[in-house]
Amino acid sequence: RWDDLRTESPMLAGTNNIYLQQYQMARFLQTHYNDATVAANDIGAITYFTDIRLVDIFGLGSIEVAETRMNDAYTPELMRQLAADAGAEIAIAYRHWITELLVGAIPDGWVTVGEWGTPNVVVLGGETVTFYALNDAAVAPLTDALWDFGNDLPALVFQQHFLVEGGG
């Protein structure tokens, strides 16, 4: 099994990173949100392996985001509004990308539902990816989906659930 591989080699660790985080995100979306609109900031595997409609909150795959970033006009409110206008109910993102690279804060109303942690990170944008419900109606389905999928995650992926109300 991939999660049993030793990761002393940077190439092997990098391959394992992609499998443990990016591929698992795609599997999760394919299983629970394959026909949904999803906001995300790391878009490769999730768009390759699924049929999601994407709101790329980083801007590589969404022109509105790219334009506002180029004009230094990207804000948490605009991020929230672009995702809402597209009909996204969940987001999967590196929290620090949102708070440090993109808009400075998690958008109001985005509820942190869970996180996956990946060990020995050498090629990922972060060791932890966070799952957000973008409206109140999306909290319970996302929570249930994460609990359901947790049994299918490789043993090395650390899953944490949050039972909080309110944004971020």
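Reader: Where do Arg-80 and Glu-77 lie, and how many residues apart are they?

Author: Keep in mind that this is a predicted model. Both residues sit in helix α4 (residues 76–86), three residues apart, which is about one turn of the helix.

Reader: And what do Arg-80 and Glu-77 form, judging by their closest N and O atoms?

Author: For a salt bridge, you look for a side-chain nitrogen of Lys or Arg within 4 Å of a carboxyl oxygen of Asp or Glu. Here the closest N and O atoms of Arg-80 and Glu-77 are 2.6 Å apart, so the pair makes a salt bridge. The structure holds one such bridge.

Reader: How do I read the exposure of Arg-80?

Author: Under 20% relative accessible area is buried, over 50% is exposed, and in between is partly exposed. Arg-80 has 23%, so it counts as partly exposed.

Reader: Let's turn to strands. Which strand does β3 (residues 90–93) join, and how do they run?

Author: To read a pairing, look at the bridges and the direction. Four bridges join β3 to β5, and the two run antiparallel. As a landmark, Ile-90 stands opposite Ala-133 in β5.

Reader: How many bridges join β4 (residues 111–117) to β5?

Author: Six, again with antiparallel strands. Here you can find Gly-114 opposite Phe-131 of β5.

Reader: Why is β5 described as largely enclosed?

Author: Count its buried residues. In β5 (residues 128–133), five of the six are buried, so the strand is largely enclosed by the rest of the structure.

Terms used
Residues numbered from 1 in each chain as written. Predicted model: local features only at pLDDT ≥ 70, side-chain atom pairs only at ≥ 80, totals over all residues. Heavy atoms only, no water. Buried < 20%, exposed > 50% of the residue type's maximum accessible area, 1.4 Å probe, protein only. Pairing = 2+ DSSP bridges.
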